[in-house]
Structures are given as C-alpha cells and as structure tokens.
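Have a look at the model first, then read on.

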Amino acid sequence: MARPTAAFASAAEARALARLRLRNEAEAALRKAQDLAATAREPDSNEAFRFGERRLLFYASSTLSNLGETVRALQVQDEALALYGETAGLIDPALIQLDRAELLAANGDVNEGISLAHDACASVDPSHRTPIFAARIRQIIETLPPGTEARQILGELRQSLIVPTNRLA
C-alpha cells in the first residue's frame, strides 16, 4: 500500500511543475499523486498533514489552474468545495476560491474574479491569512493587463493581506 506522504509529495511536485508551465511533467506528477492517493486510502480530515481526497483535489485545483485547464480545474474545484462543505475558517477552500478567481480573471470575467478573491480572503480569519494569500493575489494580478483598474483593486487587497511585523507581537 502506498504511503500518503508519497501522494502528498507528488501532488506538491505537480503544482510546482505547473507553476513552471511544464505541462507534461505536471500532468504526470498529478496522475501519480492520484494513483498513490487511491492506494493509500487516507481518510479525509482537517488535519494539516493528512492527505485524503480533499487535499488531493486542493492540489489538483492549483495544478490545473496554473496550467490554464479551465474546464478541468472548475470541475475539480466544485468537487473539492463540496467535500470541504461549509466549515468556516479553513484555509484550503479559500485558496481553491483564489484559484477560481484567477481562472475567471484570466478568462475575461475580471469583476467576478475580483469579487471572488475578496470573498475568499474575507472567509478566513485575518490571523490565518498567511503570505500565501498575498502571493496568490499577486499571481491573479499578473494575469491582468498592466494599468487596469482591476490590478489596482487587487493590489490594494494584496497590501491589506500583508501583516506588518509589529502586528505579529
């Protein structure tokens, strides 16, 4: 039986390869993660280091979004969000929503993308909005044409997510 950590490693690799736009390698790593997760049969939970179906779909969402596979990504996102349900405060569903916001913005539905990005960030307690959120907003900004109002709006959102060091004490 495969270990969940192997599935997790392959999923993380798939996401990283997709960010580098290495399509074939990313797809292969994602298939490997799916195969390993299926044989590991890890139960779903909210524990950070468990690798059940929801976590696999979380990584698949990011991988497919980074590859620009809109239809597949949206299907995976719908499935993942349904599995996460309405549990408040979880970071993964908010990051999945940011994947979706990026797809919407990249495909021309900029206003809906901005709205979804705001909602996703607002759904997580400010103390849990890690630098990952600001990085994801920057990634969305980079999909938009320079000088647009949408870039400015998202830039302001990104600035509001960066926690000054004096607030951490």
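Helix 1 and helix 3 run roughly parallel to each other, because their axes cross at roughly 15° and angles under 35 degrees count as roughly parallel (over 145 is roughly antiparallel, 65 to 115 roughly perpendicular, the rest oblique). Helices here are DSSP runs (H or I, at least four residues), numbered from the N terminus. An axis is a line fitted to C-alpha atoms over the stretch in contact, with angles from 0 to 180 degrees between N-to-C directions.

A word on ground rules: this is a predicted model, where local features need pLDDT of at least 70, side-chain atom pairs count only at pLDDT 80 or more, and totals for chains, interfaces and linings use all residues. Residues are numbered from 1 along each chain as its sequence is written, and side-chain values use heavy atoms, leaving out hydrogens and water.

Back to that first pair. The crossing of helix 1 and helix 3 is left-handed, that is, the near helix is turned anticlockwise from the far one by less than a right angle. On the helix 1 side, the contact residues include Phe 8, Ala 11 and Arg 15, and they meet a helix 3 set that includes Phe 58, Tyr 59 and Ser 62. Contact means heavy atoms within 4.5 Å. By class, this contact has seven nonpolar, three polar and three charged residues. Ala, Val, Leu, Ile, Met, Phe, Trp, Tyr, Cys and Pro count as nonpolar, Asp, Glu, Lys and Arg as charged, and the others, Gly among them, as polar.

How many aromatic pairs turn up? The count is two, with rings of Phe, Tyr and Trp (its six-membered ring) pairing if their centres lie within 6.5 Å (planes under 30 degrees apart are stacked, over 60 edge-to-face, the rest tilted). The rings of Phe 8 and Tyr 59 have centres 5.6 Å apart and planes at 90°, so this pair is edge-to-face. Phe 8 sits in helix 1 and Tyr 59 in helix 3, so the pair ties together parts 51 residues apart in sequence.

Two further helix pairs look like this:

| Pair | Axes | Angle |
|---|---|---|
| helix 2 (residues 23-40) and helix 3 | within 11 Å | roughly 170° |
| helix 4 and helix 5 (residues 91-106) | 10 Å apart | about 155° |

Helix 2 is therefore roughly antiparallel to helix 3, and helix 4 is roughly antiparallel to helix 5. Helix 4 and helix 5 also cross left-handed.

How far to trust it? The mean pLDDT (the predictor's confidence in each residue, from 0 to 100) is 85, and 88% of the residues score at least 70.

Definitions and conventions. Helix = DSSP H or I, 4+ residues; strand = E, 2+ residues; numbered from the N terminus.
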